[in-house]
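Thank you all for coming. Before I start, please take a moment with the sequence and the structure, and then we can go through a few places together.

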Amino acid sequence: MGLLGTIALYAAMWTTVIAISLNIAAGRSGTKRLVNSGRFASFAASGFVFTASAILLHALLTHDFSIQYVASFSDKSMPLFYLIGAFWGGQAGSLLFWVAVISVTLTLCLNANKNRYQDLMPWVAVTSLSVMLGLLFILVFVSNPFEAFHIIDDPTIGKGLNPLLQTPKMVIHPPSLLAGLASMTIPFGFAIAALITKNFSNAWVIAARSWILVPWFFLSIGNMLGGMWAYEELGWGGYWAWDAVENAAFMPWMMVTALIHSLMIQERRSMLKRWNVALMIFSFLLTVFGTYITRSGLIQSVHTFAQSGIGNYFLAFLMFFSITSLGLFVWRWPSMKSARKLDSPVSREAAFIFNNWLFITMTAIVFFGTLWPRAKEFFWDQEVAIGPMWFNRWMVPMGLILLALMGVGTAIAWRKATMKNFKKNFVKPILFTLVASPSLIWSYWHFRGQFLGIIPSPNDMAYSITAVVLIIFATAVIFEETFRGVNARRKMHDETLTEAIVRLTMKQRRRYGGYVIHLGMLCAYLAFAGNAMKIETDVSLKRGESVVIGDYTLHYLGLTERNDPEKLLVMANISVEQNGKEIYKMYPGKAKFYASPMSPTSEIDIKSSPLEDLYVALVNHDASGNTVALKVFIGPFTWWFWFGGLVLVFGTLITMWPTRENQAPSKNIFGKMAKIAVVTAVLLLTFAPLGIMMFEANSNWGNAKRIEKHMLMRGEIAE
Amino acid sequence: MSVSLFVGLISVIFTIVAIYMTISPFLSSSLSNWRFEFLDSEIQQVELLSAEKYVLVNALRDLELEYQSEKIVESDYKVYRKRVENRAIGVMKKLDIIHGGRGWDERIDALLLESYPEYFQMSDEGEEE
């Protein structure tokens with residue numbers, strides 16, 4: 001099995017070399033035969049990668065412990081779900097997964113454009129195949145997932161997956177993030193293709209733009225699930241800590257967000273060509289940079305399990321693609337000059353440009369904050385730490401400006417806003433904001449906030465109130481815009497309200513999909529605003545004692561210990577009361593896996609609702625179980641962060657859904673099957689975060705009971 | 001287990017078909033491909049103009065919606081519409097010249113005669129036979 005996998009990897013590498021040569025010849029000659037041949041050679045290279053991936057998957061599912069990777073990251077007791085997760089649980093597997101994602105996206109992209117953009121496509125293929133070649137080189141010569149054991153030390157059992165990664169979210173989070181990072185290769189390919197062919201036309205924009213939404217979509221899901229994992233597994237009560245690896249995935253996301261907005265300006269106004277190409281290049285380089293800092297161990301992070309010795313290869317990779325792409329960029333600088341200028345600085349275009357500058361500045365701040373401690377240590381031998389407070393000091397005000405722009409940019413007219421249409425577009429949303437903001441803030445405080453017994457600091461309060469006011473304004477603008485659009489359509493086409501809403505959304509998918517994405521972001525901002533009222537308490541309780549936090553009373557009832565051959569599970573039993581009535585029981589716990597006793601995993605219990613989350617983590621306990629130390633958080637509006645993520649993903653789907661013009665008719669059954677498979681996979685992935693969240697909130701999967709249940713099911717412990 | 005085998009089998013079939021298709025363009029007669037080779041530059045131009053047309057049609061659609069939803073005033077609407085319409089007409093004219101069929105075959109034949117005179121010799125021989 002291992003030998004077959006290695007052969008497939010070698011074949012993939014050499015076929016990639018052939019495909020690169022054919023595509024270069026096709027790109028230079030423009031000969032249709034070579035274009036076709038190059039395309040199929042790219043498919044063949046991808047086919048070998050798929051074959052290698054299928055072999056690794058098969059080895060994991062059949063417990064082929066003669067392969068080192070299988071023995072290191074799986075064991076016979078792992079359920080199917082985690083066995084699939086083990087594919088990307090280790091370094092070599094995640095690299096293979098990365099190559100597989102590039103192969104899938106390249107295959108889809110080349111197939112979708114098989115009769116179009118024949119000047120661009122060979123160069124898109126050359127770029128993507130070059131990235132694949134680099135990764136395949138590492139896979140073949142440095143980190144081969146099919147490396148076998150010698151007969152003497154062939155193990156019969158596996159070591160199992162890192163306990164921290166054995167949660168449902170971690171099975172989906174890494175592939176989403178990896179898919180986001182890997183699929184950035186295609187937009188990068190389009191940037192390089194434009195530079196080589198000097199084609200910066202609208203045809204290029206149309207060809208490239210849908211492939212930019214793909215990495216954005218996956219990075220959004222990946223970042224959100226990463227936040228969910230940190231929130232529920234790491235036990236520090238938050239979903240974002242400005243951890244280096246979180247930052248590494250967040251920076252390309254911000255860059256791509258900026259790019260999505262600026263491409264609209266290029267399409268409408270033929271402006272910002274240099275800017276857009278630069279954004280595409282830097283978004284890709286940031287993904288490689290992120291991988292480099294994660295794999296090299298350059299930066300300390302909660303993701304230390306991802307560190308390995310291949311960081312230097314990624315550094316070489318980063319240098320090669322930086323020099324090549326930036327060299328091309330400088331060479332083509334004169335050809336990218338834009339002919340047109342802004343009609344007015346007071347227009348939607350101007351708002352988008354300002355939004356772009358903000359995103360770039362925010363990316364630069366995160367980049368600086370991530371690297372500065374390391375640079376200080378390297379050059380001046382001084383240790384400095386840059387923590388969440390430093391990041392928040394910069395990012396919160398900038399995030400608020402961005403929020404304001406989300407409202408203003410949506411309401412303001414394209415090309416030029418006059419005083420008359422300014423009044424028309426802004427008066428109603430502003431009036432609504434002036435009425436709704438104080439009413440909603442007062443209602444929250446009167447009916448809920450005051451009972452939490454916390455007065456936020458003036459700074460936090462100012463930020464939160466500003467955020468809420470701006471959220472209400474931006475929401476009002478979106479609804480006002482939609483309402484006017486629907487009315488206009490009804491006037492023009494004599495349609496019913498439902499017909500007008502559906503057809504308007506179908507006809508203007510990007511505009512209204514974008515509005516839905518903005519609504520998702522507004523939900524996330526509400527969660528950020530709620531942090532001002534967040535309660536964080538460390539408590540120590542004896543059996544039978546209780547503590548009041550906010551208006552919740554937590555009674556500690558006792559400790560349960562469960563033991564099986566692999567792990568020890570300790571679980572606190574806590575009854576939660578509100579207004580003198582028990583509302584639910586909570587079971588925070590800790591699991592100590594004997595394979596890694598130094599890193600016990602926290603099984604945090606969270607009761608989540610749109611109003612607030614009650615979050616309890618078991619920090620410590622004495623040997624008899626009479627006393628426990630708990631960390632308790634009350635996080636207002638945290639639920640909205642996850643809900644916002646779902647809305648955002650839903651909006652992205654509306655935007656990405658192909659228009660009639662873009663849909664290539666599927667004549668054969670394989671084409672139809674492929675389409676159904678892609679749509680099903682995308683839908684499953686979209687609803688996976690919410691599905692997991694709901695499943696965990698309504699079952700024992702979100703707390704220590706899930707592990708107990710698993711032990712009971714396997715008969716390792718008695719009832 | 002059967003799922004992974006199925007995925008593996010599909011991957012292998014996909015790879016074999018792709019390898020065959022990579023080689024197949026070089027197995028067919030080059031002469032039969034010549035005529036299509038010459039269409040490429042025209043196709044590229046048509047693509048560029050079609051994309052331009054697509055963007056301008058969308059711009060007109062957006063402009064109409066913005067005007068109907070009273071986001072822009074009438075005077076601006078008229079100026080912008082005229083501007084976009086003029087550009088769209090220019091693009092359509094160019095598309096019509098290439099795409100409308102006028103001089104299409106003659107241009108290809110001239111290119112073929114210049115680069116591959118043997119193509120015409122073979123065609124003539126075919127007709128004589």
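What you see is a predicted model, and for the complex the predictor gives an ipTM of 0.71 together with a pTM of 0.84. In chain B the average pLDDT is 73, with 64% of the residues scoring at least 70. Within that chain, confidence is highest in helix α1 of chain B, residues 2–27, where the mean is 84, and lowest in helix α5 of chain B, residues 117–128, where the mean is 55. Where pLDDT is low, the predicted coordinates should not be read in detail.

Let me now move to chain A and to helix α13, which covers residues 348–380, counts 33 residues, and reaches 46 Å from its first C-alpha to its last, close to the 48 Å expected at 1.5 Å a residue. Where in α13(A) does a kink lie? If you follow the helix along to L371(A), shortly before the proline P373(A), you come to a kink of about 40 degrees. A number of residues in α13(A) are buried, among them F352(A), I353(A), F359(A), M362(A) and V366(A), and the buried residues of this helix pack against two others in chain A, namely α10, residues 244–269, and α14, residues 388–411. After α13(A) comes D381(A), which has a positive phi, near 55 degrees.

The next stop is A230(A), which sits in helix α9 of chain A, residues 202–234. Is A230(A) buried or exposed? A230(A) is buried, because 21 other C-beta atoms lie within 10 Å. Setting aside residues up to four places away in sequence, A230(A) touches Y239(A) and A241(A). Along the chain A230(A) and M170(A) are 60 residues apart, while their C-alpha atoms are separated by 10.0 Å.

Which residues is I549(A) in contact with, leaving aside its neighbours within four places in sequence? These contacts are I535(A), T537(A), L554(A), V632(A) and I634(A). As for M389(A), that residue and I549(A) are 160 residues apart in sequence and 25 Å apart in space, taken from C-alpha to C-alpha.

Notes
Residues numbered from 1 in each chain as written. Chains lettered and ligands numbered in written order. Predicted model: local features only at pLDDT ≥ 70, side-chain atom pairs only at ≥ 80, totals over all residues. Contact = placed C-beta atoms within 7 Å. pLDDT = per-residue confidence, 0-100. Helix = DSSP H or I, 4+ residues; strand = E, 2+ residues; numbered from the N terminus. Expected span 1.5 Å × (residues − 1). Bend = angle between axes of the 7 residues up to and from the residue. Buried ≥ 20, exposed ≤ 12 C-beta atoms within 10 Å, placed from the backbone.
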